[in-house]
Every structure is written in C-alpha cells, then in structure tokens.
Amino acid sequence: MRHEINREQYGALGPVMADAVSQCVHCGFCLSACPTYQELGREPDSPRGRIILMKEVLEGTIPLDSAAPHLDACLGCLGCVPACPSEVPYGDLISPFRALHQSKQPRSLGNRIKRTLAQLTLPFPNRFRLAAKTGKLAKPIVGLLPEALRVMLDLLPDELPAAQRLDAVYPATTKQRGRVALLAGCAQQVLAPDINLATIEVLNRNGIEVVVPQRQGCCGALSWHVGNLKAAQKMAIENIKAFAGNFDAIVTNAAGCGSGIHEYPLILKGTEHEEAASRFAKQTMDVSVYLASLGELAPIPEPTQPITVAYHDACHLANAQGVRAQPRHLLKSVPGITLVEVRDGHLCCGSAGTYNIDQPEIAASLGQQKADRVIESGASLVAMGNIGCMTQIENHLQQKGSHVRVRHTVQILRDAYQGKL
Amino acid sequence: MPALTSPLHTLAAILPPGRVSEAPSYCAAFESDGLTAFRKRPMGVVIPETQDEVIRTVRWCAEHNLPFVARGSGTSLSGGSMPVSDGIVISLNKLRAIKKLDPNNRIAVVEPGVINLHVSQAAAPHGLYYAPDPSSQKICTIGGNIAFNSGGAHCLKYGMTSNHVIGMKVITATGEIAEFGGDSVESLGADMTGLFVGSEGLFGIALEITLRLIPQPECFHTVLIGYHALRDAGDAVSAVIDSGLLPGAMEIMESLAIEAAEAATACGYPKGAEAALIVELEGPRERIELEKQQLHDVIAGTNAFETVVAADDAQRGAIWAGRKSAFSAVGKLSPDFLVQDGVVPRKRLGEALVKIQQFALESGLRCANVFHAGDGNLHPLILFDDSIPGQLEQAEALAGRILTLCVEMGGSITGEHGVGIEKREYLAQMYDPASMNVMHRVRAAFDPKHIANPGKMFPSGDAAAPEPTCTPNQASSDSLSSSPIEVDSPEQLRQAIGDFKKVLCVGRQTKPPLSRVDDAVLISTQAMSGITEYEPSEFTFSAFAGTPLAEIRDQLETRRQYLPFDPLLVDSGATLGGTVAAGLSGPGRHRYGGLRDFILGATFVDGDATLIKSGGRVVKNAAGFDLPKLFVGSCGRLAALTELTFKVFPKPVELHSFSLACTDHEAAMKAVADLARGRWELDAIDYDANAKLIWIRIGATAAIAKQIVDDIQRTLSTSPPFSAADDSLQESPWQRLQQLDLLPAVEDSVTCKIPSSLQSAGKLAQWCESQEYRGDARLHVSAAGAVCWLAIRGTLLPALEQQLSQLQRAGLVICDPQHVTTKPVIGPTLTQPIDLAVQHAIDRVDRFPGLVF
C-alpha cells in the first residue's frame, strides 16, 4: 500500500514501520482473525483499519487523539499475523508506534494511574507481591474504588502462593544431555511460582541442567507493549548481560516473556546492543520447543485413569512465536491424555498483557467466550503456556462455576512424571 | 464520539447514539476497499445495528439527496465500495444475524453483514453448505457478494452468487421496501432477485437475504498438476472438459503467483512449474471412484511433469490455501497491484495468456496470472509501485489493454469482481449505446436521484446518461386478429413491434393461458428459429427465441450435452423463448439449478422497438445488470426476446429412476428432505402425491446407481425398499410432468405451477386428498418440495384459490384447455411500485401488456 511516511523522521524504528505499512495490500483477510473486530464490528478497530490509522498519524494527516482509541483497543495478540497472506509484520508496526506516541497521548487520570500502577508493579515480583497483598486487603471495599482500579483487583487471586526463591543451579537428575538458562518471569513468580518448579523438574528429569541467572529482571515486554521504549530498552540490556554464559538455550515458560525477548532486536534497533539482542533472541525459546527438540522424553508412567486435556493457544506463543505444534506434541506423548482442541482457538482470551486492565469490557467478553469454548470442549483440564492466559481463563471459568482446571503445559508434564495427573 | 458539526447531525438525531461518526479515524479507515489505488474520504460513516436503522438512514439520504455507499467488509477488488466525498458510508457489518436456517428446505435467511463462510459453518451440522466461495470468503459479506455477484473457484459447476440467492427484502434508493423471490428456488413473475444481484449497490441495500444451501460433497478428489508451459496447462483444461467430466473447480496459477503463494503458505506446489493446474472432482464416493480414474487418464495424456493427489483434508486445505491467498500473497512481491478479472472463451485461454504476457513485457510491468480456468475467468495481477510516479497510470493502461482484449475475444471485462470504479470506462465496450441506455433506465427506476453508490459501473461515473430519444407509441391501427403475426428475424420483429400499439410475443403457444390477452396483437417468433452458435467446449449455445427445445436437445445430444434445467413440454413443441418467458424448469433442475441459473445472455426488443443486448456469451460475466435473469418468468410482459444464450453441461452417462412407496404425505415430505440433504447428488427428487410415491433419478451408470440406491436404503432405513423403474415407460412420472399431462381424464382440468416449501407441499397434498377433491386433483411435488405442479378440475378453482390464500402461495396457470380461468395467476400476489418502475424502464411506452401479477 502506498504511503508517504517519512522514513527518517522516526529514528531507527521509522523504516521498520514504513516497510510494514508498505507490505499491506488492504485485502481484509486479517479482519477474520481479529478479536476486537469481531467484538466491535468497526473497520477502525480492525488490523487493516489500524494500519491505515497508524499510517495516517505517521504521515501527519490525522491527529493522534482520533486514532488513539482504536489503537489502544488493539490486544496486540497478533492474531492477524498468521492470517495475513502478505505477511505484514503487524507487531513491528504497532509496538514501535506505541513507543513513539505513548508520551504524546492525553489520557484520563484513572487510566493513567492504572497504566502506571501496572507498569510499576507487575515487572517487579516483590513490588507486585506487596501490591497484590494490599489489593487483597482492599477487596472488601472494592465497590468504593474507581472502575479503573476495580478491574485490577478483580483479577487478583484470593490467596497468593508462598514466595519461592530459586537456586542458582539445578543439576540434571538423569544423565546430563544439556544445559539451559531459565527466564523466571516476574508476575508469574508471584502468581504461580509452581510453573518454574515444574519447568525445572521436567528439564532435570530429562537430563537438562537448569541455571537461573540471579541478576535477571523483567523481560520488558509489558513496558514495550504499552509504548514505554526507554524502560523496555533498559530491561532488555540488563537481561542480555545477566544471561551471558554458555547455554544450549535460554528457556522461557511464559509466552509473553518469550515473545518479548524475540522482540529485543526491534527494541534495541539502532543501538549498540542490536546485534547482541539478535543473538540473544535466537538463543531464546519456549520450554515446549526445547523439550520437543530433545526427541524422546524420559518415560512417563501410565496414569491411573485417562484424562481429556484441551490445549489453548496463547497468542504470544502461537502467533508471536509460531509455536503451536510442540506443546500439543508433548501433551499427546503423555500416556492416558486425550488432547482436544478449543473451538475458535485463534481468538485471544482477552488477557494480552495488561489488556484486561486497560480495556476491561472487551477483555471480559473475550474471556467469557473463551471459557465457554473450553467448557464446551469437554476437557477436565486445559493446558496453556502463558501465565496471563491462565489468570484470565481461570477467572472466567470460576465465574461460570466450571471445574475445568487450568494448568501450564509443564505442570501437566511434571504431574504426569510424579504419577499425580 | 465528538459532536457532529455537518448536516449529519440531523441523521444522528434519528439514530441511537454512537451510530454516526465523522471523526478522521472513521473517515480514513473507510477510504478504500481491497483496491487501494482508488480512495476517497467520506463525509461520515454510519454503522447501523438493525435493519430499521438502515431503513431510517437510507430514507434520510433520499430525503436529503445525500449519496450513500453501502459496504460490507470492504474486500472489493474493483473499488466497488469506495466512498464518495459528498456522501456517507453505511457499514453493514453489525447486521450479522443468521435469522433462519431451514435444513429441510435447504435455505438460510441472513442479514447483509453475515460473513460468507459463516453461512457454511452454520449449515455444516446439517450436512449443507453455501456454495459460492470467493477467495475472501473468510471475511467478505453476503451483502457485498450480492452487490458484485461474487464467484469463486467453484463456479463452473454451481454458478455464482446469483444462482444461490433466491429471495430478498431490500430498501431501494428511494426508500421503498420491497420483497423479491421467496423461500423456494422456483418463483413466479420477472426475476427481480436475479436483477438485484450484481447491481453493484446502485439499486439500494439488501436487508434480508434468502440463500439456497446444498449438500456438502461427500468426497473431494483434488489434484495438483505441474506443467513446464502455460499452454500445456490450458490444453489440459480443454482435455478435461472434452472428456465429459464436470469438475467442481479447475484453477491455473502461473509461476510468479505460485512463488508468492508458496512463500506465504508453504502449500507444496510443484517446484519449477511454469503453471500449476488444480482440478477438483467432488461428489458421492461411488461416482468419484470412477471419475478419478477417468481424470487420471486424461491428465496422463497431457504434458504434466508432476501430479500430486491430495491424500487428506489437510493436503487439500494446503492446496486451496495457496490458491486462495495468491492475490494478497503478491503483496509480498510488490507494494501495489491491480487484479484484473476478464473472461475469455475457454478455447482462447492460451491465446489470451500469450497476449497478456506480451502486453506486460511491452509495458515493463510484471504480471502474475491466476485464473479460474474452467470458466475462462482470468485474474492477471499487475504489479506496480504507486510511489514511483507514473506507475499507476502504466498499470491502468496495461489493465485497459487486457480488458479490451477480453471483449475483442468475445468475453467479458469482469467475471466476478464487478465493474466498480476501476473498469467503468470499459463497460461501453461490451454494450452498445442502446443497451447502455436501458441499464441507465433500470438504474433510474431504483434510484432516480443517483444517490446509491454513485460513480460506479457506468462510464464517466455519474454524469447523467444522455436521455435517449423515445419514439412515442403512435401506432393506431391494431388489428386484433386471432392468429398471431409471423416474423422470421429480429429486424422483422422490431418493425412489427413498432407497428402496433400493444403487442405480446408468443412462441408455439404451448402454454396458452400465458398469452391470453384481449388488448394486444400477438406476434409469433416460431419462424425466428435456429441455433446461431454452439460451442460444446465452452458449454454454451445461442439460439433464436423461436427455436424449438427439441431441436436444441437433439443438437446438444450430438455432443453428449444437455440443458440441466430439464425444460418441460419439449415434445409438445415448446420454444426456447417461451420457456424463458414462462420460467419453467423440470424435475432435473434439482441437481444444478433452474432455468434462471443457466441463462447467460438475452437479446430483446424493448417498448421503443429498439434491439438491445444484455448479458454475455461466456459462462461467467458480471458486467452490467443481469437483465437476462429478469426476463425469466416475465411472461413476455417486459420485452420481446429475440436471441438467448445458455450454459449447458455434459449429460449424465445414464439416468436411472427408482420409486419409494410412502405411508402418508408427512412421512413422504420427511423422506424427501432426507434425500435432498444427503450425499448422493440425486438428479431429481419428486413426489407423486396421489400415488404416494417418491421418485428419484440418479445420473450415473446402472451399477453406480444401484450402489447409491442401496446406500440410501441403508442410511434412511426405508421400508419398503426402492423399486427400480423403466424410464422408457410412459407411466414414469417424468413423462407425465414433461408433458404437463397430470389429469388426462378430466376435460376441464387446469394445471398450475406453485412454488412451495415442503410444508406447503405437504398441506396441499392433504388438501388434494380430502374427500371433495379426490379424483379431481393431481399433485406432483417436484424439485424436492420447491415446486408443486397441481392439476385440478376447473370447478374446484375457487376452492384452490382459498387454499392458496391460507398457504400464502401463488400459482401460475400453464394449461387450461377449456378456458376456465381468465387470468393466469391464482392465489395471493402483490405488485410493488418497484416492479412497475422496472417494467416502465424497459418498456417506456406501454407496448407490452401489463404485468401478470
């Protein structure tokens, strides 16, 4: 599509955005894959419409505040990417665009508090833990709080698991086949520290030594996706340093973090760290991808009874990292598991980073639909690879009184190894 | 949304809050459709959520003389939904309810914003689907499909959108709400539904649409074949057609398109191929087993270097994903492209492709070719870079050469994308000024103020058509003799029409009630006879209106082809023109469609005594209004037909009939529904209500027919079993219906055609069986419940009228030897203002008698 974006005007990210716009032919195929278009039915709230809006803002022909509501409504789920025959790298447009325009965007006070709170707490486990505890105390007075804060509280679990401090090294428990570094995640460490334990145990049982670099921090994806480029760059650089060492892979178990690291080359584009970022991104993979690459897994005992498991594609795993087959393959390899699909699986569950905080109505609608589809699948357990989706889907399943349990793929593998599935 | 400042605030005031926006974000997002080379910002955008809101918006536009462009998902490739700067966009995406899905009658009623694929998804649990499959089917809407008469890869066998839309409720640009067609695939009167489909948004907005659903093919046999030369692929297509096979789809892609699709979808196309051919057979497994061997033999005789047979659904999906994403995938090769949509006669495909390559070479632009080879529909993708000054113009010039080439070869400028804004200057190459004038007049009947999608389709857009001179009807001496005046050429007919004040054309008057008028001179076209062109390899023929059907049947038979709508009264001498005017199809219409689904072109004389051409001579054509369809069922009240072009198909190898005795009508109707929904692709499903016998006909060899009927028995657990019938015998119901000789023993019998549903047919059957009518009525339910042929003693007509009123069904009297009735229509009917306006647009001087309805 023709555009008149000045490629030089927007620094290192200018050409990236211009090229993405140029690649779009406006065919509209992306509309079918966009959850917000499905919800709202309005062209400006579709990927194609948003590309036009970003193009126009970058060209300077329409004001940012006219485009902003539609761009803010984008989940960043990247559902449009696999749907696009022209392979427009939508993520390369929306994230830099947000980074560029974040500061210029006028927002309401409540909205600002919300965004700031989320960014100041979620990436830092200790702060988040504290905030979550405070939030828990506030739950009885939830009705008195502004709407913006209420949704944040609604998402908090009633009970937080005990804090978990991870060791620096977990040696393989069988003959060693490899050595990886684990990105421990931030919100995940507070909400579900068990996922890291499960990851470590499954890897160890398969002969993999797991190193947990102690100086690692948040991957920066949260900041990047709401347009805080500076913060994202700082976190990226710190992590590249923290993970220096000789590893077969850097393993992530939260799809959001994994995709965030894959965006490091973009985040650090035009800086001295760009090349290191590319190397780092190449080395990073989801735990399911790493496990599947090992070939045969250590034998898993037969379960006492067969179980039906549904697999939910986390957007940041399936769309952003193209990881669909490996988790399914792993789950199918567990004796006794019948794997089923979730209908309309390509649609986001509405979690999408801080989306359920920023756009609660759409997030809730998508969450309800996803819960319905999961229930409809007839599974007693739903597996996925992202903490955000887990919180969102669990929340909506609970609201519907469903007993379907939400588990991370590695938790299921670990439980199977322990004979507790 | 910010407050509105423009005149739109009065529109906003009559709609719920938030429906109207003139924010830059809305105006920018809607500025173009799938063809970004053309864009314009509208004044504002309306996103209505109910039909009532659409109605209010259109009426407001009519009142304020403000143009509107209705739009679905904006996937048009002809700029058909590009906004106008002094008007609004009405986005119909929120009208997305599937209001009814009736699996027994195989119909769905949907709103215009419903997505094409969602219809098939909703129908899937019943084993049904909606056949038209444009490449954008995942997102394009039914409303948009209707506007542009969208096609897809599977048009060859099942036709385009217009062949699957059977009824609609519309709002015209003047604000009139009208209903066309209904819930049956058969209808009475001029086919306004057919006219509305493909009108490019120039008539108004379809608010509710009734779609025909068909059974999902049980089996697909999808073959992907690689060729080193494009011509070899083209030859292979001809070889397949000549073999008598009727594939569901035949597609060719050229190397550049293969490369793009392969890069986008990893679809596994043959490496190093200059051309890839996809052939897909579909149908019941028994038949496919046989046909795939046939196909294999044909392909083996071509210069194929690689043949891949899809082993499973996933591989078939990959093959089609590659094809369907080809257009957009080209976006990777080039920042901009124009997709062309010309049609050429299939036998000239190779020649056309060579010329296009040559044109591209001369222009210095790259051109990727993807096309629906089965119906000669080319999609050259012209690649260019809009940021390089002059390239858009260069691309348009190349596109223009290609379009002109298609017209010169006897084809069309568009097969399925519509004329839109992009090709509007080329429409006049296809139609002469007189024919263009008629189209202008028909448009004005719907939209006198030019506010509905203005600027599209007609050359130089919206500049009013030069008002053609209209010879006033000055004829005075009408000699109303009893025997018709004979004419033997279109020119004679034209002169004769000018000579008389009121005329009605007839053929051999095999349906006398339809030509019983007392104020018009009858002109017989029976001497204007003969097949003017027959192209077996194109699946088309043209013939004068007075040509007897028997002659056509015999001629087609020599090439083992036939008229799939199974015309009636063939041996009684019926003519082609009379059959079109009466709109009659036989039981065989069940499989592929009725007369309306096979008519391609019509030449006619209008009320001004001007000879007009409409439609085309190729199997696929979406240029201009579909006037040929309008004449189907018009009973000669709109114009006088001179020459007609039809699509034909390979004849089934053999036909075998079987009958099933039923205990009662209810059970029979249920069995008919099950048979029609099944996988067996039956040629006909009829029900002789008096004998309580269901009759089915299977188009296959005896052995396969036997296998199929055995499977039907197993599946439906019918008891007693089907019994085979000898088709040559007179007692077969097909013969009786063919001659419309349902009640031979009753002298004053009246025979009529009543479009129906299974429910209505069942009720009519009960009614006929009740004590008073037994023996005096005979009911033959045809086309799986879609039409009732009822013969009844003349004295019972008033009772029938009453019954039809209760059923809300109307009938057309076809036979009435004793002149029992004076009007050909019985039961409740309604003439709407728009019906009269369209009649007046074609016949401005009231030359032809008034509408039958």
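1. Confidence. The model has an ipTM of 0.91 and a pTM of 0.92. For chain B, the mean pLDDT is 92, and 97% of the residues reach 70 or more. Where pLDDT is low, predicted coordinates should not be read in detail.

2. The contact between chains. Chain A contributes 28 residues and chain B contributes 32 residues. On the side of chain A that touches chain B, the elements giving two or more residues are α1 (13-23), α3 (47-59) and α4 (64-72) of chain A. The largest share, four residues, comes from α3(A).

3. Composition of that side. Sorted by class, the side of chain A that touches chain B holds 13 nonpolar, 10 polar and five charged residues.

4. Helix α19 of chain A, buried side. This helix spans residues 325-332, and its buried residues are A:Gln326, A:Pro327, A:Leu330 and A:Leu331. Viewed down the axis of α19(A), these residues fall within an arc of 130°, so they line one face of the helix. In general, an α-helix has 3.6 residues a turn, so residues three or four places apart point the same way.

5. Helix α19 of chain A, other side. The face of α19(A) turned away from the buried side carries the exposed residues A:Ala325 and A:Lys332.

6. What the buried residues touch. Those of α19(A) pack against both helices and strands of chain A: the helices are α17 (287-293) and α23 (409-417), and the strands are β6 (307-311), β7 (337-341) and β8 (381-384).

Definitions and conventions:
Residues are numbered from 1 along each chain as its sequence is written. Chains are lettered from A and ligands numbered from 1 in the order in which they are written. This is a predicted model: local features need pLDDT of at least 70, side-chain atom pairs count only at pLDDT 80 or more; totals for chains, interfaces and linings use all residues. Two residues are in contact if their C-beta atoms, placed from the backbone, lie within 7 Å. Ala, Val, Leu, Ile, Met, Phe, Trp, Tyr, Cys and Pro count as nonpolar, Asp, Glu, Lys and Arg as charged, and the others, Gly among them, as polar. A residue is buried if 20 or more other C-beta atoms lie within 10 Å of its own, exposed if 12 or fewer, and partly exposed in between; C-beta atoms are placed from the backbone. The arc is that of the directions from the helix axis to the C-beta atoms. pLDDT is the predictor's confidence in each residue, from 0 to 100.
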